[in-house]
Amino acid sequence: MGGFDLREVIGRYGTAIAGLVLVLFFLLFAPNFASTMNIINVLKDTSFLAILALGFALAFTVAELDLSIAEMASLAAVVCGWMVHSQYPPAAAVGAALAVGIVLGSLNGYGVTVLRIPSLIMTLGTAAIAKGLAFMITQGVAFTGRWPVSFTGLARGYTFGLPNLVLWMTGATLFAWLLVKWTRTGAHMVATGEADEAARLAGIATARMKRIGLLLAGVFAGLMAALLAANLSSAAPNMAGDYLLYAIAAVLLGMTMFEPGKPNIPGTVFAALVLKVLGNGLVLLGAPYYIQDIVLGVIIIGSVAFSASAMKKAAFKV
Amino acid sequence: MSDLAPLLSLRGIGKSYGPVVAVREVDLDIFAGEVVAICGDNGAGKSSLIKVISGAEEPTAGAMSMRGEPVSFGSPHDALEHGVATIYQDLALAPRLSIAQNVFMGSELTKPVLLPFLRVLDKKRMIAESQRYLSQLSAAVTDMTRPVERLSGGQRQAVAISRALRWNAEVIIMDEPTAALGVKESALVLDLIRKLKADGRTVILISHNMRDVVALADRVVIMGAGRKYVDRPIGDLKADDIAHMIMAGNARAA
């Protein structure tokens, strides 16, 4: 660009800087926030949210909303938990969780591109189906027990001194970032999301790109589910439901930073961290639990208002 | 310099939408390197004809050939692969993406990393080549990472034309390229068309602006009621003459 444009810097990094300030604030004022234990816990907690939100961001990159991510994750966790519970090898259980994501993600893609159902409706339907299936499989109770370390270690273990969860999050982030920023498929996904008609005229297989975006949302939900089950040594049919709003908030808040107005990978992950730090810090400061929901709602609305005004146009056509 | 054989040839082209006949029995030869203006009132059939040539719609009658080989375009992208590019007003650009991303949309350049089959986007080369196309068109834009929405109307046309050049299109269809532009921007676009012609490209220009037509075209084709009824070199025709011919055509069609 050349030259230093303060407005540009604030537009790009304003909320990211605000997030850093928030972290500093809690470091200084929230009791025990700065303990290694707490920081590791926040990072682990962030991993689940970030991985799920990355899937939502990839679907949003092709201009589709995937509201089924959380219920897909619940179902995948239950299937995964049932397999571990029934003493199948952990690899098979993880594979099954991913398979649930692949099947439901493909179903979403089929509904949106072939049956031409708006993603908002299609994924709500898928969410309801996944939820029902999860309760059907468990009959309403949770699978728990002393699961093998070879499974739980996926989430609870450490590699090279780093929590495995953080490594999974890093891997998922790198994969998503490389895909979107450095591959032709990614460029085609971005073009499809930005200007469907223009992309089609340029010969891009836009329907295929939409299917890929929704498929990946399912795969990321499956991965998150396996890690969640491994971390908790249990799988309940409603275990990921609460993550939906947080994931949406992470993606929207992420759209206020780095590449304002566009769903973007670094923004999503950083926003997931900010949300988790905020939640954790509020708890440590003794704020009542329901404050978190209110703050979450304000962040969702505020992010979109901020991006929209930053872009000086309503780019949020869904 | 034009060969005797036409580059693009239409024979008996017809296009009906149910009972409505938009284009009837149009024969048209387009020769390499010429600028052909297609004129006519609203509803004369020129848009429908252009849609057929650009691959947006398939004709209901007749046949097309390029360099003597029969062709049929199933989609605009199909036409593009045959070297026929259409510059749509704004439709074909992604406003929030960069110039380079727009020029190379759908035909991104890649380079291998680590292993021969692992290919990543070659952003540097795409930026450099976008710059080359745009300077070729003398468009005064230097930052290829700028989003297209921050460009002027004329510059956007230059970006759209750059994409056609990227595909090495021989025939470039421009549908009302100056309709939404101010005087200065229009001049820029007219210059772009001259550059394309100087570069040996063939331009099909649809325009309501008779002055543009007289200034740029080698040949004028006038449509009325779906038929082609004038097809002649511009020669010393004036803008008014063309306007009269269009009105005469309307009178005859009525």
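Two residues are in contact if their C-beta atoms, placed from the backbone, lie within 7 Å. The structure described here is a predicted model, in which local features need pLDDT of at least 70 and side-chain atom pairs count only at pLDDT 80 or more, while totals for chains, interfaces and linings use all residues. Residues are numbered from 1 along each chain as its sequence is written, and chains are lettered from A and ligands numbered from 1 in the order in which they are written.

Chain B comes first. Its domain assignment, taken from an automatic or database source, gives domain 1 (1–82 + 204–254) and domain 2 (84–169). The C-alpha centres of these two domains of chain B are 29 Å apart. Where they meet, six residues of domain 1 of chain B are in contact with five residues of domain 2 of chain B. On the domain 1 side, helix 1 (46–54) and helix 2 (76–81) of chain B each supply at least two residues, and helix 2 of chain B gives the most, with three residues. Helices (H or I, at least four residues) and strands (E, at least two) are DSSP runs, numbered from the N terminus. By class, that side of domain 1 of chain B has four nonpolar, two polar and no charged residues. Here Ala, Val, Leu, Ile, Met, Phe, Trp, Tyr, Cys and Pro count as nonpolar, Asp, Glu, Lys and Arg as charged, and the others, Gly among them, as polar.

Strand 2 (residues 20–30) of chain B holds Glu25(B), a residue other than glycine with a positive phi near 40 degrees. Most residues other than glycine have a negative phi. Glu25(B) is partly exposed because 14 other C-beta atoms lie within 10 Å; the class is buried at 20 or more such atoms, exposed at 12 or fewer, and partly exposed in between, with C-beta atoms placed from the backbone.

The contact between the chains takes 17 residues from chain A and 16 residues from chain B. On the side of chain A that touches chain B, helix 8 (184–194) and helix 9 (196–201) of chain A are the elements giving two or more residues. The residues of that side divide into ten nonpolar, three polar and four charged.

Helix 8 of chain A also packs against helix 10 (residues 206–232) of chain A, at an angle of about 105 degrees and with the axes 9 Å apart. Axes are lines fitted to C-alpha atoms, for helices over the stretch in contact, and angles run from 0 to 180 degrees between N-to-C directions. The two helices of chain A are therefore roughly perpendicular; angles of 65 to 115 degrees count as such, under 35 as roughly parallel, over 145 as roughly antiparallel and the rest as oblique. Among the residues making this contact are His188(A) and Met189(A) of helix 8 and Met209(A) and Lys210(A) of helix 10 of chain A.

Helix 7 (residues 164–182) and helix 12 (residues 265–284) of chain A cross at roughly 155 degrees, their axes coming within 9 Å, and are therefore roughly antiparallel to each other. Their contact includes Trp177(A) of helix 7 and Pro266(A) of helix 12 of chain A.

Helix 3 (residues 69–85) of chain A is mostly covered, with 15 of its 17 residues buried. In the loop between helix 2 (36–61) and helix 3 of chain A lies Ala63(A), whose phi is positive, near 65 degrees. Ala63(A) counts as buried because it has 21 C-beta neighbours inside 10 Å. Just after helix 3 of chain A, Gln87(A) takes a positive phi of about 65 degrees.
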